[in-house]
Amino acid sequence: MKIAVLGGDGFVGWPTSLHLSNLGHEVHIVDNLSRRWIDTELGVQSLTPMDSIQERCRIWRQETGREIRFHLLDLAKEYERVKQWLAEERPDVVIHFAEQRAAPYSMKTDRHKVYTVGNNVNATHNLLAALVETGIDAHLVHLGTMGVYGYSSVGAPIPEGYLDVEIATPAGPRGQQILYPTKPGSIYHMTKSLDQILFQFYAQNDGLRITDLHQGIVWGTHTDQTRRHPQLINRFDYDGDYGTVLNRFLIQAAIGYPLTVHGTGGQTRAFIHVQDSVRCIELALSDAPEAGERVKIFNQMTETHRVRDLAELVAKITGATVAYLPNPRKEADENDLLVKNDQFLALGLDPIRLQEGLLSEVVDVAKKFAHRIDRKRVPAVSAWTRDIARRVDHDPEGKRLKSVS
Ligand code: NAD
Ligand code: USQ
């Protein structure tokens with residue numbers, strides 16, 4: 001199939017592009033490279049040395065004989081070019097990763113809120129409008145987030161997108177399935193909730209065929225394809241804005257930095273290894289909805305963990321110390337999380353579980369590139385409110401902090 005990977009230069013988009021190219025698909029990466037500019041804005045770099053996207057594609061071709069083409073395009077700002085690109089390339093599948101994905105970055109300042117909403121909502125809507133206008137019947141696969149549900153499961157597992165409800169009517173109770181009520185915990189997560197409504201409308205009004213993957217926190221770094229050559233290495237974010245919790249604990253352990261648990265660490269979240277993430281996308285492609293069908297929603301996660309349990313596990317394996325810090329976020333101190341992921345299991349996913357070998361692999365990568373880590377960029381300083389900002393003013397190494405933006 002001809003597959004457009006929007007956001008294919010990113011942490012999940014790059015290994016997905018390699019995985020799909022390796023399976024024999026014709027892969028086109030579309031990206032505006034905004035993530036690389038944000039690194040520059042924040043004064044930080046990927047732990048792993050990433051080459052330019054053009055060089056990455058060249059190495060892939062050299063290693064495999066397969067071509068991945070790169071197109072520099074801003075989905076949010078260049079509507080006419082997006083439409084023209086789709087009309088010319090006519091992909092069978094469009095995989096949409098191209099959004100600003102860090103919750104802390106989205107909460108940094110009002111400017112970052114405005115940027116995140118403008119970028120994410122316009123990117124998604126431009127794509128939908130252009131698909132309708134060009135009449136391309138591509139299967140659109142979007143990377144959404146578990147965070148649209150909020151994280152409290154009221155004791156019942158979170159279903160895959162839709163909730164059975166009973167509505168009292170004068171004629172008696174009526175059953176209905178509705179989108180699971182959304183409860184985003186950051187501006188970023190809110191944009192993913194808005195995406196859901198856009199998808200619902202375009203599937204119903206224009207018969208677009210859409211799959212929304214509600215993904216948990218992705219951890220790990222290598223996949224089978226990124227391992228093939230040092231220059232195919234994946235991006236790895238460790239900083240306080242873009243680094244996600246488990247990957248952060250692993251690099252912190254590698255450089256002898258205390259593990260930065262926010263609050264009590266009682267937050268429970270869903271996780272998936274990056275190798276499973278790319279496999280799930282492959283599986284979702286094999287199960288596309290028909291025109292006129294409602295949006296197909298999968299929960300793309302394999303297990304749930306409490307933050308403090310992860311910290312304790314990493315500390316046990318590596319000998320790291322754990323620091324319990326004032327939480328820069330407005331979120332529940334403690335929550336349970338039960339999640340259904342039956343659809344991927346039914347399609348043949350054999351989940352990779354958190355295991356010492358894979359955790360140690362990340363620690364080894366971090367040790368290899370430890371010289372690239374700026375310790376000042378490790379603490380999370382983006383606070384959810386002004387009140388919270390006042391208490392987030394120190395890091396576990398005792399130095400005073402200030403935000404870089
Ligand atoms: P990333 O930031 O590494 O990659 C996103 C890519 O999209 C970047 O290369 C960026 O330059 C590009 N992009 C952003 N806005 C664009 C625009 N307007 N036009 C063109 N390109 C644009 O993020 P990631 O970690 O690879 O995540 C990919 C997707 O998966 C995101 O939508 C994210 O919300 C979702 N997701 C990620 C995780 C995770 O833990 N990383 C978990 C759940 C869901
Ligand atoms: N946390 C710590 N210490 C840290 C970093 C984070 O205790 O050093 C805590 C946070 O306070 C939070 C939890 O760990 O309670 C998860 O934080 P995170 O940064 O790992 O994940 P999150 O902000 O939710 O965002 C990430 C991705 C996002 C994706 C989301 C999936 O950046 O793109 O949508 O995971 S989910 O969490 O399931 O909504």
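# Chatting through a predicted model

User: Where is R375 found?
Analyst: R375 sits in the loop between helix 12 and helix 13 (386-391). Keep in mind that this is a predicted model.

User: Is R375 buried, exposed or partly exposed?
Analyst: R375 counts as partly exposed, because it has 13 C-beta neighbours inside 10 Å.

User: And what does R375 touch?
Analyst: Not counting residues up to four places away in sequence, R375 touches Y257 and E397. The C-alpha atoms of R375 and C57 are separated by 31 Å, and those two residues are 318 residues apart along the chain.

User: Let's look at helix 12. How do the axes of helix 10 and helix 12 cross?
Analyst: The axes of helix 10 (residues 307-318) and helix 12 (residues 356-368) cross at roughly 75 degrees and come within 11 Å. That makes helix 10 roughly perpendicular to helix 12, because angles of 65 to 115 degrees count that way.

User: Which residues make that contact?
Analyst: From helix 10 there are V314, I317 and T318, and from helix 12 there are E356, L359, S360 and V363. Sorted by class, the contact has four nonpolar, two polar and one charged residues.

User: What should helix 12 span, at 1.5 Å a residue?
Analyst: The 13 residues of helix 12 should span 18 Å, and the end C-alpha atoms are 18 Å apart, which agrees.

User: Which residues of helix 12 are buried?
Analyst: The buried ones are L359, V362, V363, V365 and A366. Looking down the axis of helix 12, those buried residues fall within an arc of 160 degrees, so they line one face of the helix.

User: What do the buried residues of helix 12 pack against?
Analyst: They pack against helix 8 (245-254) and helix 10.

User: What about the face turned away from the buried side?
Analyst: That face of helix 12 carries the exposed residues E356, G357, D364 and K368. E356 also takes part in the contact with helix 10.

User: Switching to helix 9. How many of its residues are buried?
Analyst: Nine of the 12 residues of helix 9 are buried, so helix 9 is largely enclosed by the rest of the structure.

User: Which ones are they?
Analyst: In helix 9 the buried residues are V274, Q275, D276, S277, V278, R279, C280, I281 and A284.

User: How far does helix 9 reach from its first C-alpha to its last?
Analyst: Helix 9 (residues 274-285) reaches 17 Å, close to the 16 Å expected at 1.5 Å a residue.

User: New topic: L20. Where is it found, and what is it in contact with?
Analyst: L20 is found in helix 1 (residues 13-22). Leaving aside neighbours within four places in sequence, L20 is in contact with I3, H25, V27 and E282.

User: How far apart are the C-alpha atoms of F11 and R35?
Analyst: They are separated by 9.8 Å, with the two residues 24 residues apart along the chain.

User: What about phi angles? What's the phi of L33?
Analyst: L33 has a positive phi of about 60 degrees although it is not a glycine. Most residues other than glycine have a negative phi. L33 is found in the loop between strand 2 (26-31) and helix 2 (34-42).

User: And the phi of R90?
Analyst: R90 has a positive phi of about 45 degrees, and it is not a glycine either. R90 lies in the loop between helix 4 (79-89) and strand 4 (93-96). R90 is partly exposed, with 14 other C-beta atoms within 10 Å.

User: Last one: is G150 buried or exposed?
Analyst: G150 is buried, with 21 other C-beta atoms within 10 Å. Its place is in the loop between strand 5 (139-145) and strand 6 (162-169). G150 touches K183 and G185, not counting residues up to four places away in sequence.

Technical notes: Residues are numbered from 1 along each chain as its sequence is written. Chains are lettered from A and ligands numbered from 1 in the order in which they are written. This is a predicted model: local features need pLDDT of at least 70, side-chain atom pairs count only at pLDDT 80 or more; totals for chains, interfaces and linings use all residues. Axes are lines fitted to C-alpha atoms, for helices over the stretch in contact, and angles run from 0 to 180 degrees between N-to-C directions. Helices (H or I, at least four residues) and strands (E, at least two) are DSSP runs, numbered from the N terminus. Angles under 35 degrees count as roughly parallel, over 145 as roughly antiparallel, 65 to 115 as roughly perpendicular and the rest as oblique. Two residues are in contact if their C-beta atoms, placed from the backbone, lie within 7 Å. Ala, Val, Leu, Ile, Met, Phe, Trp, Tyr, Cys and Pro count as nonpolar, Asp, Glu, Lys and Arg as charged, and the others, Gly among them, as polar. The expected span of a helix is 1.5 Å times one less than its number of residues. A residue is buried if 20 or more other C-beta atoms lie within 10 Å of its own, exposed if 12 or fewer, and partly exposed in between; C-beta atoms are placed from the backbone. The arc is that of the directions from the helix axis to the C-beta atoms.
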